[in-house]
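User: Please take a close look at one part of this model, one side chain and its surroundings. Then set that part against the chain as a whole.

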Amino acid sequence: MDHHLNPVKTGLAVGTLVGTLHLIWALFVMFGWAQAIVNFSMWAHMVSSPMVVKAFDFSAAITVIVVATVVGYVIGFLFARIWNRTHRG
């Protein structure tokens with residue numbers, strides 16, 4: 001059984017996942033649903049902190065999506081490289 005991971009494909013998969021999650025969050029903010037989600041999450045985790053979701057900002061949304069995607073790619077790529085090194089046959 002081959003336990004080898006392709007670093008580029010793993011990076012793309014993780015980057016796409018993380019970027020998509022941030023895209024969904026940006027959409028929640030844009031549609032005005034984000035504050036309710038934050039409130040529920042804080043309640044469910046039994047935490048009290050005055051968290052306020054600000055108004056939607058297109059440039060901030062694009063920035064967080066791009067940065068999250070790039071960081072996700074790097075993390076996935078490095079994970080695959082470390083995995084392959086520790087699982088040599």
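Analyst: Once neighbours within four places in sequence are set aside, Val18 is in contact with Ala68 and Gly72 (contact means heavy atoms within 4.5 Å). This is a predicted model, in which local features need pLDDT of at least 70 and side-chain atom pairs pLDDT 80 or more, while totals for chains, interfaces and linings use all residues. Residues are numbered from 1 along each chain as its sequence is written, and side-chain values use heavy atoms, without hydrogens or water.

Val18 sits in helix H1 (helices are DSSP runs of H or I with at least four residues, strands runs of E with at least two, both numbered from the N terminus). With a relative accessible area of 24%, Val18 is partly exposed, because that class runs between buried, under 20%, and exposed, over 50% (1.4 Å probe, protein chains only). Val18 and Phe40 are 22 residues apart along the chain, and their C-alpha atoms are separated by 22 Å.

Helix H1 also holds Thr10. Is Thr10 buried or exposed? Its relative accessible area is 16%, so Thr10 counts as buried. With neighbours within four places in sequence again left out, the contacts of Thr10 are Leu5, Gly76, Phe79 and Ala80.

Now the chain as a whole. The protein has three helices and zero strands, and along the sequence the pattern reads α-α-α. Its radius of gyration is 17 Å, well over the 12 Å that the globule rule gives for 89 residues, so the protein is more spread out than a compact globule (the radius is taken over C-alpha atoms, and the rule is 2.2 Å times the number of residues to the power 0.38). The C-alpha trace spans about 50 × 30 × 20 Å along the principal axes.
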